[in-house]
Amino acid sequence: MKLTMLEAFFVMLIMALMLFANVHADIDSAFKIQEKFNEFMVRNEETLSDIDSSSETMSDYTPIPNTYLVEFDQNARIRNFEQVIGDYLERNRGIPRSAIRMRQIISSSLFSGASFSVNVEHSVKSIESIPNVISVYPVYSVSGPKYFKHYASSAIKSNERAASAIAHDLTGVAQVHDEIKNFGKGVRVAVIDTGIDYLHPALGGCFGPTCKVAFGYDLVGDGYSSANPNPVPDDDPLDNCSAGSHGTHVAGIVAANATAISQTGFTPIVPFVGVAPQAILGAFTMSVGGPGSFAETSDAIAAQRVTDKGVYFTISQGNDGAQGLQTGGNPAISSGAMAVASVDNSNVPQLYFITPDGKEIFYSAGNSFGGWQSNVNSIIVVNDRQATVNDGCSDPVKPVTGAVVLYSYNPADTCNSAVRCDKAADAGASGCLIYNVGAITGFILLSAPFFISIRVHMTGSSKIPSGSISLADGQRILAITAQNASALFSFTNRLGFASIATAGTLSSFSAFGPTGDLLFKPQITGIGGFVYSTISSYAAAQQKMSDAYAAYSGTSMACPYLAGTLALFLAQIGNPGPETVGNNSTNTTRRPSFSEVRNLFQSNAKPVNIYGTQMLATIVRQGAGLVNVFQALTANTIISPSELALNDTLRQEKSYTIKVSNIGKKTAWYKISHRGAALATGAQPESDQLLPTPVYSSDYADVFIWPSSFKLQPGESFIVTLRFRAPLTARPELLPIFSGFITVSNYVDGKVSHVPYAGVVGDYKNAKILVRRSPLGVGTGLYTANGLMISNGQNMNFTTSTGHLVILTIAWTTRVIFIEVVSAEESTHYAADQ
């Protein structure tokens, strides 16, 4: 589904602010929510004539031609935006009113403006010249939310039947629940997503002021889709019609209470609760995001303005971790948002079958037919024990009637799982398994030098049950069948828990920072890999699930996890309203500002290692580390600033300072030290293209710390001076990122706080924006019809009837790129630069 509605972002945020705090705003009730916009730059005098509606996309973004969102100066006190726009464009620019279509009016204390389109030739300058317009934003359509539905291809099995659905023990949430008895009671959390199936019993089963899902709004309507992009908003945010049920899954992570549920279709594998199960939820049907490295877009600005009013925002960092550095998303880059990265959960629910000796083998069901729908006993026939390539791509070589057939997988295979398993079905097989799935599903960890992520979903048969299993489990079956070809395996439709080997380490999909200005993103990490949570009954039926729960992965899952911890924090301090931000009165409880909360949570987060190593993961992927809400709520120490963006080594300051404050009730003795994180080199020699996964090495910065120890009485603070020297072995021309933590140890209470830092070795001004040299052979330039790049100095003729393909390949991020075509006959030539 395509969501085209970021014009709604200001409206939705303002509505959320009104619901959180009694801030009055006059918002037009006739919403016409249609488009999402992002960064767009056009020269002021460039003429925008009729642009083809099939405009190319920028990743997930498709520009909406001739469409704008304009912001007016609030001091102008304009009452009728439509009239001002129409009068000016008609009288001064010759644009008839019939060519102007108003899309949305927004009038509030945070934003005053309108969205509209112009369907005749005009210039951007004409829009910018409208009286009292202070900003002009473009409008984009953008894809709906993304997540991964996969399983852990791990041979490690959890025999603990009461294994946790969500690893609250990794984040301090379990301690907050058990020891403090804090469940986020009364805190209002707005879930800006695809709506919520509030009929789910774990989410309260109803909608309204007395329900868990107490408020919300459907910004597009139930019939909205890419085929029907005309929104019909309503005040019922129910989602029981989407196959993914993304918003319902997110809502469950925040506040589900899936305990004591025995209702058919809604019984979880084990009882579980979300992070803040007593929080109050709001549902808004919008979940958007896309590429962006500069916090100058309207959605990022909207987040900043609302955060300034005391509403905390957590936003997913993005799922493009397999695309290298600077792949964080928009609007997570907003300075008013807590951008959240992802670590993997401890356990994942998985379908399983049972070996003759009673051991469980977990499998991932094929997408087409699914797994086994009932309990079935069957032999397993190994198709071709000697095959290393294309096992099963031809008809089975052995009789398989009534049996489950086992195939091996090889990356060099020329057919997929659907071909193999359907051939098995045609030959009479009752089921199909494919092993060696470390290479085809979940993720694979390779040494180059550490990680390359690969994720491929198994299609499977459309005719019989099918599934994929790990290499180790395939080898177990080979050993069993070699001893007894008649051995019976018990195939079930039951779920069990498989342990995740990568638990507590960064998810392979979690996107990298920093921003285009080398600012800190992400800020912190939550649990987002393999998270078990609520889905709608409709989605469960679509996914052939017997109960309305599923395990999804994505920073979309880590984001609500962090939001839930903020709800616990607000409940702990009495849930003061957003309107109390900045209130210094001693007679009332004050809500801390966003920066204060960020300092508290970052200072008390837990740094995580690269999986399988003793090296800390780079800061530009984990931020301050995995959230530790128990330490944040019981903290005796807070550090400000709680993150240090050091720029590049040519522009790095000579020294930096941090303020360590004792917010406890006892005298504290502090020891300050340094721990380096892995150097992340994202480029490679002889290539402008950034690597899909940076090369990590144990090259650390040197940090001078003064003083390195001191004592603080309750309420006292002390300034610590820091000087950084980048790793001496790093290659400046490759612009590697060095990072680490300044560690603040309190010897009295034994707690350790941290300040993350990150910087670039070399001159970032020299970063190669346009890829000309690439091992893939695809760089920026002109290409012939045969796909060959036109080399420098090569003459090619352009006519009015012919043209050439222009490919623009970007490495490091940039705000804007201009492409100009200049006649070779002109005496003065213009050389375009990066």
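1. Strand pairing first. Two strands pair if DSSP finds at least two bridges between them. Helices (H or I, at least four residues) and strands (E, at least two) are DSSP runs, numbered from the N terminus. By that rule strand S19 (residues 376-378) pairs with S24 in the antiparallel sense, over 3 bridges. Ser378 has Phe489 as its bridge partner in S24.

2. Basis of the note. The model is predicted: local features need pLDDT of at least 70, side-chain atom pairs count only at pLDDT 80 or more, and totals for chains, interfaces and linings use all residues. Residues are numbered from 1 along each chain as its sequence is written, and side-chain values use heavy atoms, with hydrogens and water left out.

3. S24 again. Strand S24 (residues 489-499) also pairs with strand S17 (residues 347-354). The sense is antiparallel, over 7 bridges. Ile354 stands opposite Ser490 in S24.

4. A parallel pair. Strand S8 (residues 188-193) and strand S12 (residues 280-285) pair in the parallel sense over 6 bridges. Arg188 has Ile280 as its bridge partner in S12. S8 has two faces: Val189, Val191 and Asp193 form the covered one. Arg188, Ala190 and Ile192 form the uncovered one.

5. Cavities. The structure holds 4 cavities of 30 Å³ or more. On a 1 Å grid over the protein atoms alone, a cavity is a set of points where a 1.4 Å probe fits but cannot get out; lining residues have an atom within 4 Å of a point. Grid points are joined across faces, edges and corners, and a volume is the space filled by probe spheres set on the points. The second largest cavity has a volume of about 100 Å³. Its lining counts 13 residues, of which Pro514, Leu518, Leu519, Val620 and Ala758 are the closest to its centre.

6. Make-up of that lining. The second largest cavity is lined by 10 nonpolar, 2 polar and 1 charged residues. Here Ala, Val, Leu, Ile, Met, Phe, Trp, Tyr, Cys and Pro count as nonpolar, Asp, Glu, Lys and Arg as charged, and the others, Gly among them, as polar. Helix H12 (619-622), strand S29 (644-648) and strand S37 (752-760) each supply at least two residues of this lining. S37 gives the most, with 3 residues. Domain 2 (148-346 + 504-569) and domain 4 (636-762) each contribute at least three residues to the lining. The domain bounds come from an automatic or database domain assignment.

7. Helix H10. What span should the 18 residues of helix H10 (residues 555-572) have at 1.5 Å a residue? The expected span is 1.5 Å times one less than the number of residues. For H10 that gives 26 Å, and its end C-alpha atoms are 26 Å apart, which agrees. Of its 18 residues, 16 are buried, so H10 is largely enclosed by the rest of the structure. Buried means under 20% relative accessible area, exposed over 50%, partly exposed in between (1.4 Å probe, protein chains only). Gly574 follows H10 and has a positive phi, near 95°.

8. Cis peptide bonds. The bond from Asn330 to Pro331 is cis, with omega near 15°. Pro331 is in the loop between strand S15 (329-330) and strand S16 (338-344). Trp706 and Pro707 are also joined by a cis peptide bond, with omega about -10°. The place of Pro707 is the loop between strand S33 (702-706) and strand S34 (709-712).

9. Asn66 has a phi near 55°. Asn66 lies in strand S3 (residues 61-72). Its relative accessibility is 10%, so Asn66 counts as buried. Phe530 is not a glycine, yet its phi is positive, about 60°. Phe530 sits in the loop between strand S25 (524-529) and strand S26 (531-534). Is Phe530 buried or exposed? Phe530 is buried, at 2% relative accessibility.

10. Contacts across the chain. Ile639, in strand S28 (residues 637-640), is buried with a relative accessible area of 0%. Ile639 and His754 are 115 residues apart along the chain, with 7.9 Å between their C-alpha atoms. Ala677 is in strand S31 (residues 668-681). Ala677 is buried too, at 1% relative accessibility.

Definitions and conventions
1 Å grid on protein atoms, 1.4 Å probe; cavity = no way out; pocket = protein on both sides within 12 Å on 5 of 7 lines; lining within 4 Å.
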